[in-house]
Amino acid sequence: MNSNALSACFCTSGVDACREFYQRHFAAEVIFDCGWYVNLRFGKDGPTLQFMQPRQGMVAFCGKGVVLNWSVDDVDAEHERLIRYGLDVIMPLEDHPWGDRGFSVADPVGNTLYIYSDREPSEEFRQYYKNCEAGPPDYA
């Protein structure tokens with residue numbers, strides 16, 4: 001399979017709340033919106049998320065067990081900005097030995113948003129990075 005993109009779609013009665021949340025706090029651009037389904041893009045050519053009202057026979061998302069990992073250039077600035085907006089931090093901002101500095105907030109339907117910037121991993125975790133183009137950054 002040759003994939004061109006991958007995104008997540010959450011079935012929820014909270015479509016309006018999600019649209020507003022991501023537009024307000026993360027500058028999401030609405031690229032499709034028919035009321036019961038909204039497609040949001042982050043950045044000019046960035047990733048997308050979708051939210052849709054459950055249709056006939058669909059089960060609504062229960063709001064547990066999903067973490068959306070969000071890489072940013074300056075996690076400290078994002079942390080400060082989101083606190084100023086009044087968002088509750090559910091995991092504090094801290095450095096992690098696996099190679100990032102991050103914190104978490106929750107969206108209106110219960111998704112955890114893990115917002116982070118890359119850091120040098122500890123020697124213990126450096127060994128777990130496999131040969132791939134995407135990681136880890138060259139800290140040597």
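**Rings that pair up**

The structure holds 15 aromatic pairs. This is a predicted model, where local features need pLDDT of at least 70, side-chain atom pairs count only at pLDDT 80 or more, and totals for chains, interfaces and linings use all residues. Residues are numbered from 1 along each chain as its sequence is written, and side-chain values use heavy atoms, leaving out hydrogens and water.

Reader: What makes Tyr22 and Phe51 a stacked pair?

Author: Rings of Phe, Tyr and Trp (its six-membered ring) pair if their centres lie within 6.5 Å; planes under 30 degrees apart count as stacked, over 60 as edge-to-face and the rest as tilted. Tyr22 and Phe51 have 5.6 Å centre to centre and 25 degrees between the planes, so they're stacked.

Reader: Why is the pair of Trp36 and Tyr37 called edge-to-face?

Author: Their ring centres are 6.2 Å apart and the planes sit at 70 degrees, so edge-to-face it is.

Reader: Why does Trp36 count as partly exposed?

Author: Buried means under 20% relative accessible area, exposed over 50%, and partly exposed in between (1.4 Å probe, protein chains only). Trp36 has 35%, so it's partly exposed. Tyr37, at 22%, is partly exposed as well, whereas Tyr22 and Phe51 are both buried.

Reader: How do you know that the charged end of Arg55 sits over the ring of Trp36?

Author: The rule wants NZ of Lys or CZ of Arg within 6 Å of the ring centre and within 35 degrees of the ring normal. Arg55 sits over the Trp36 ring, 3.9 Å from its centre. Arg81 lies over the face of Phe26, at 5.9 Å from the ring centre.
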